[in-house]
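I looked up each item in turn.

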Amino acid sequence: MPRMAPIKVGSKPPVFGTSLLIQRVADNKLPPPMACRPYRVVDEGNCSPRFMRPTMHHMPATRDVANQTKVPLGILVQPMAEPEEGEEQISVVDFGENGPPRCTRCKGYVNCFVTWGKNGQEWSCNLCDMVNQTPPNYHCGLDGSGRRQDHAYRPELAKGSVDLVVTKQYCVRPVQQPIYLFVVDTSAHAMAVGFTQAILAAILAAADETVRVAKNGGAQDQRVPTGEPGGFPGGLAARVGIIGFDRTIQFYRASEDSGGGMEVSTNVVSDVEDPFAPLPPNDQWLFQSDTANPDRLRLGLGAVVDFILRSVPANATPEASVPVTCPMAALSAATSGLSLCGGRVFLFASGPPLLGVGRLRPRGHTKDYGTDREVSLYRPMLPTVGGKEDQASGAYYENFADQCAARQVAVDLFFLQNRPGGHANADFLGIATLSLIPKATGGGVHLIPCDFGPLATDTLRHLVGEIHTVLSVAAANETVLKVRTSQGLRCVSHHGPGVQRVPGELELATWSAPTSTLCIIKHDNALKPNERCYFQAALLYSSVCGRRMVRLHNICLLVTSTFHEVFRLMDLDATFTANLRLNMPKVYSDPLASIREHLTDICAEALSSYRHNCAKSSPLGQLILPESIKLMPLYTLSLLKSMALRSNARGNGQSIDPTGDERAAKKFMLEHLPVHLVHRLTYPRIYDLENMDPVACSPVPESEVHFAMPPELSCSSQHLKTNGAVLMDAGWTVFLYVGKDAPPALLAELFGVESINPEAPPQTLSDGGDLAAKVRCMLREIRHGLPFFVPMRTVVSQQRGPDELRMLSLMIEDKTKHDDSYVDYLCNVHRRIQNKHH
């Protein structure tokens, strides 16, 4: 077979940085913009693809047609996604004490696709065709075209997305307040390395910003860069508390003394096998400001922080072994204290849970990597697998996760992760098992890589940036998602975070802006070609301002019976994410090698289906790639080379990459994040820092937050020069790659010095260099809109350190120790297609 040049089949996605204005109308016959490119949406009936993104934008008329495409039929739903700069905010509609009009049969909400009759006295549901009576207080006459005369003035009838204020009938308890509880490791080890101090400083910075915003009228500056303090969501209504733990659990409470100051006392829980909250949540351990005294939150938290820091031993030193603490016991006590009111809990630990309830057996021997035993490091403990101790741990975590979800308590986990080589077993935390809790509740998993000893400046920057980023992400509480479809179709399953207690309803304690779920659609009956089918996603939630609401998204698709139309409007980004969501959970049961092989087969089957149904006359030796999914092999290879699915080769002095915890954390994020972020986390972007366009890194016209990025280079090591510098956006990390022979002038521009230590290069940019300023602008643009903080790591060429090896392993175009080059992979896919047609 002749070798193929990647450029001929498209070896990289379109250039990032192009704005695209589109209009979404009911019978749109054009594909949506690629998820990896910025775009702006004008909502004219169909909701934005940010909220609902189907894998096929023309619906197959029959189940047989859908199955023959070999592509999942589903919709990626991201209900709380934030509109891009320049787009309209979602309108809020309040129907008063009667609530929004709903269909009496399917319970769908009135929307822009319903039809009206009898001069507005009746409306026909677009989902089930039921004819409903219009409430008297909602009646309006019709115009000559059959639309209501007030159509243009009612967002629910003119827009695809709308927020509906609902009544108390939609509540099972009082609307949840914005509660944030920080469970902080206060052990001597955490204090000695600076972990505790950095967390407490970040909490106080958020409190300061909350008070500052309140005093300035409550207007939050949207131009705050990612990773900078943004205040607590909910403003002065936020209630914030701090709990400490080491080998015991400490609840801190503060009350005003006679002199107007704050007096702090501690309630210690020493029973870590059966922990509990000694104080009710309305006691002084949750601090809240009000308009009369906006500084009360800051004063209470400040008093507790001072109290904790005064307890730091003067001679504290990092422990030589894994610190023995009880983070899960502290988390259990914290969630029990919020059992009646719900809230968000942030757990910060410097080591694995080795003491008390929820303790995990130490594992993670380096000799397990690259063997059949490695799977135990990235699979969660289950009640039916392993020895008695492991089964008991699995049962505990499953029950505890379900308990947190039932209490409407969302949990975010922050763990220090010692890089391999620190000390025995210190690099293993058990993230696969721990992540069961945030998966069920809507929280997140945040690993902070560090070296043994006091935390370096860049590690502290990463930790603090991660805290501020998580707090700044918009989120809804007490959420329930229901996806309704028109007749002949149904949503059969959800793939993503959350629990399903009622069939068809997905519950999450907190649904943040980047959280998404995959809804798989099945045919019950054949649909008529050229007719419309409808989908409605309704998210019932509590807002941070104390209102119960329904976020409603509607989308309409045309039905087709031809394979050409199905493939022409197939969405590559949604298809790739759907395949990922459906196959990632197989890591729990199947060998990694078989999952990787299956993903390649899925890619080949989709392309083979196109050849069979749309290009039968093409020569068998010719690789046929449909325009809509021509980059599917590239996307698939990017996923195989990612840390979630790459193999771990051992022997010949090769390092561990990734560790079991890293793989589990990356897998967790890929299963939660939306389409555009999945692409960013699997396909790296490389920028040349020496030959930048004059407009690069300058503000984008008509934008207050975006900066123009330089052109992207192909993801290949051919762009790495020993006397130059490039920036690689690898999704979770940004690598600043500097050649070992870089001229002193370049080093001075970047770091303010003319020579650097290749083995310990500077991780901080210069304050005065022009090139350093441009790199800062690029970092700000890269981090914009991400739900996590992306650290920067400086790499000097040809040192063969862990960072350089990881960066080189992410070169999609090149052959690496993990996988083939892109050209070789294309040949592999082509051979599989040929074998299917022989």
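I began with the convention for handedness: a crossing is left-handed if the near helix is turned anticlockwise from the far one by less than a right angle, and right-handed if clockwise. The model is predicted, so I note that local features need pLDDT of at least 70, side-chain atom pairs count only at pLDDT 80 or more, and totals for chains, interfaces and linings use all residues. Residues are numbered from 1 along each chain as its sequence is written, and side-chain values use heavy atoms, with hydrogens and water left out.

**Entry 1: α15 and α22**

I took helices (H or I, at least four residues) and strands (E, at least two) as DSSP runs, numbered from the N terminus. Axes are lines fitted to C-alpha atoms, for helices over the stretch in contact, and angles run from 0 to 180 degrees between N-to-C directions. I found helix α15 (residues 592–614) packed on helix α22 (residues 822–837) at an angle of about 60°, with the axes 9 Å apart. The two are therefore oblique to each other; angles under 35 degrees count as roughly parallel, over 145 as roughly antiparallel, 65 to 115 as roughly perpendicular and the rest as oblique. The crossing of α15 and α22 is right-handed.

I then listed the contacts (heavy atoms within 4.5 Å). On the α15 side they include Glu597, Asp601, Leu607 and Arg611, and on the α22 side they include Tyr825, Val829, Arg832 and Lys836. The residues of this contact divide into 6 nonpolar, 5 polar and 6 charged. For these classes, Ala, Val, Leu, Ile, Met, Phe, Trp, Tyr, Cys and Pro count as nonpolar, Asp, Glu, Lys and Arg as charged, and the others, Gly among them, as polar.

**Entry 2: α16 and α22**

I next checked helix α16 (residues 632–641), whose axis comes within 10 Å of that of α22 and crosses it at roughly 115°. That makes α16 roughly perpendicular to α22. This crossing is also right-handed. Pro633, Leu634, Thr636, Leu637 and Leu640 in α16 meet Tyr822, Tyr825 and Leu826 in α22. By class I recorded 7 nonpolar, 1 polar and no charged residues.

**Entry 3: α19 and α20**

For helix α19 (residues 744–751) and helix α20 (residues 770–783), I noted an angle of about 50° and axes 6 Å apart. Leu746, Glu749 and Leu750 in α19 meet Asp770, Leu771, Ala772 and Val775 in α20. This contact has 5 nonpolar, no polar and 2 charged residues.

**Entry 4: annotated spans**

From an unreviewed UniProt entry I took "domain: Zinc finger Sec23/Sec24-type" at residues 100–138. The end C-alpha atoms of that span lie 9 Å apart, and it is 0% helix and 23% strand. The feature "domain: Sec23/Sec24 beta-sandwich", also from an unreviewed UniProt entry, is placed at residues 478–559. Residues 478–559 have end C-alpha atoms 35 Å apart and are 0% helix and 65% strand.

**Entry 5: a ring pair**

I looked up Phe113 and Tyr534, which form a tilted aromatic pair with 5.3 Å centre to centre and 45° between the planes. Rings of Phe, Tyr and Trp (its six-membered ring) pair if their centres lie within 6.5 Å; planes under 30 degrees apart count as stacked, over 60 as edge-to-face and the rest as tilted.

Definitions and conventions
UniProt positions are given in the numbering used here, feature names are shortened, and annotations may be inferred rather than shown by experiment.
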